[in-house]
Amino acid sequence: MKKYRIGIVGATGAVGQEIIHLLEKREFPVAEARLLASARSAGREIQACGNLEVVKETTFDSFNGLDIAIFSAGAKNTLEFAEAASKQNCVIIDNSSAFRMDKDVPLVVPEINGDCLEQHKGIIANPNCSTAVALMGLYPLHKRFGLKRFFASTYQAVSGAGAEGVILLDEQIKQHFSIETQSAQVESIFPHPIAFNLIPHIDEFRADGYTKEELKMRNETKKILNSQNIRVSCTCVRVPVYRAHSISINAEFDSPVNVPDARSALEDFSGVELWDIPNAQRYPMPLNYSEKEICGVGRLRLDHGFENGLAFWIVGDQLWKGAALNAVQIAEELIERKCLKTL
Ligand SMILES: NC(=O)c1ccc[n+]([C@@H]2O[C@H](COP(=O)([O-])OP(=O)(O)OC[C@H]3O[C@@H](n4cnc5c(N)ncnc54)[C@H](OP(=O)(O)O)[C@@H]3O)[C@@H](O)[C@H]2O)c1
C-alpha cells in the first residue's frame, strides 16, 4: 500500500494532537509525519505514528516533499504559509476560517459533499466546529424534507478555544475550591470567568448584533448544502464543559414532516446515531460523545413552533468531527478519489 508524507501545522495544539491520535487510530498510511508549530515549540519531542518526532518551526521551506499538510494554527498562519505549501505541490487541508468562504476552495464534510473534493485547486477548508456537528443532523433531514430555515443555540466546550481554554477552566475550578494552582494569574482568553458560568459571546460582535462565530453557522451551511435560500439564526454560547459541543436546533422544512421518517433518515446516514429514549434518560451529552467519531442526536420531536418543523439536540466531539477527524477523513477521501497532486 502506498504511504503518504503528511505535515501537521499546529501539531502541539488541541486539534494538532488529535490529528496525530486519529492518524494512528484510523491506520492512515503515513510514510512521514512532519510536526510543525511555532518557534516556541521547536525541539519538543512527540510520539507520532510509531516514531518519536521532533517538532520543527514552520517556515516557507517546511512543506518540501509533503503530499498533504493539515493546518491547525489559526487563520493568520494559514494565510502566511498556504502559498508556499501550495507551490511545493502539497495539498492543504485547513482547519481555520482563512479560506472557508473563498469560492475556489471547497468547504467539505465528507459524508455530505465529499464530491466537491474532485474540484479542489490545492486548498480544502474544514468547516467551523459547530457548523460541522449541526449539519451531521440537519443534512439527512434536509435530503428527506428540504430544509427551509433553522434556529440554533450552541453550547460550546472550552477546548473549542484551544488548549488554553482547557487550562483556564481547570485553573478557575481549582481557584474556586481554593486548591493550589499552577499559576494563580492565568490570563483569560474568555471575556468573563468560564467556571460555573455561561458566556453568550464567542468571537467578535458585528454591527447587526450577531458574533462572527454565529455568522459562520449561516454562511457555511449555505455553502456546504449548496443552497443560498436556507435561513439561519444562531446564538453561540461558551459553557464550562471540557470537550464536545452540543447544539439545540429548531428547523422548518418544505415538506410535511413526521418523527418516524425523520428517525429513519437519521438512521440511514453514516456519522450520526440516534441516542433518543428520553424516558430511559437516554439523550446525547458531552460526556458520552467525547472522543467518539459519531455525533449523537436525541430529543427528536415535532416542533410546535412551525407547520413542518422538527426540534432536536445534537452532540459531537468538536475536536474530532469539528476539526481533526473531519480533516483526516478529507485526507482519506483525497486518496480514495485520487485527488492528490502527487498521485
Ligand atoms: N479547538 C477546536 O475545537 C477547533 C475546532 C475547529 C477548528 N479549530 C481551528 O483549529 C486551529 C487550531 O486550534 P487549536 O484549538 O488547536 O488551538 P491551540 O490549541 O491554541 O493550538 C494552536 C497551534 O498553532 C500553533 N502555532 C501558533 N503560532 C504558530 C506559527 N507562527 N507557526 C506555526 N504554528 C503556530 C501552536 O504552536 P505552539 O505550541 O508552538 O504555540 C499550536 O500548535 C484554529 O484555527 C482553530 O480556529 C479549532
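A search of the whole structure, which is a predicted model, finds seven aromatic pairs. Among them is the pair of Phe60 and Phe81, whose ring centres lie 5.3 Å apart with the planes at 50 degrees, so this pair is tilted. Phe60 belongs to the loop between β5 (56–57) and β6 (68–71), while Phe81 belongs to helix α2 (residues 75–87), and the pair therefore ties together parts that are 21 residues apart in sequence.

Another aromatic pair is formed by Tyr155 and Trp313, and its geometry is edge-to-face. Because Tyr155 lies in strand β9 (residues 147–156) and Trp313 in strand β14 (residues 309–316), this pair ties together parts that are 158 residues apart in sequence. Tyr155 is partly exposed, its relative accessible area being 34%. The table sets out the geometry of these two pairs.

| Aromatic pair | Centre to centre | Angle between planes | Class |
|---|---|---|---|
| Phe60 and Phe81 | 5.3 Å | 50 degrees | tilted |
| Tyr155 and Trp313 | 5.1 Å | 70 degrees | edge-to-face |

A further aromatic residue, Trp275, has charged side chains over its ring. Arg282 lies over the face of Trp275, at 4.1 Å from the ring centre, and the charged end of Lys292 also sits over the ring of Trp275, 5.8 Å from its centre.

Turning to the arrangement of the chain, the domain assignment gives domain 1 as residues 4–127 together with 323–336, and domain 2 as residues 130–317. By these bounds, Phe60 and Phe81 fall in domain 1, while Tyr155 and Trp313 fall in domain 2. The centres of the two domains, taken over C-alpha atoms, are separated by 25 Å, and the contact between them takes 17 residues from domain 1 and 18 residues from domain 2.

The size of an interface is often given as the accessible area lost when the parts come together. For domain 1 and domain 2, the area buried between them is about 1,500 Å², with 62% of it on carbon and sulfur atoms.

Note on methods:
Residues numbered from 1 in each chain as written. Predicted model: local features only at pLDDT ≥ 70, side-chain atom pairs only at ≥ 80, totals over all residues. Heavy atoms only, no water. Phe/Tyr/Trp six-rings, centres within 6.5 Å; stacked < 30°, edge-to-face > 60°. Helix = DSSP H or I, 4+ residues; strand = E, 2+ residues; numbered from the N terminus. Buried < 20%, exposed > 50% of the residue type's maximum accessible area, 1.4 Å probe, protein only. Lys NZ or Arg CZ within 6 Å of the ring centre and 35° of its normal. Domains from an automatic or database assignment. Contact = heavy atoms within 4.5 Å. Buried area = accessible area lost by both parts, 1.4 Å probe.
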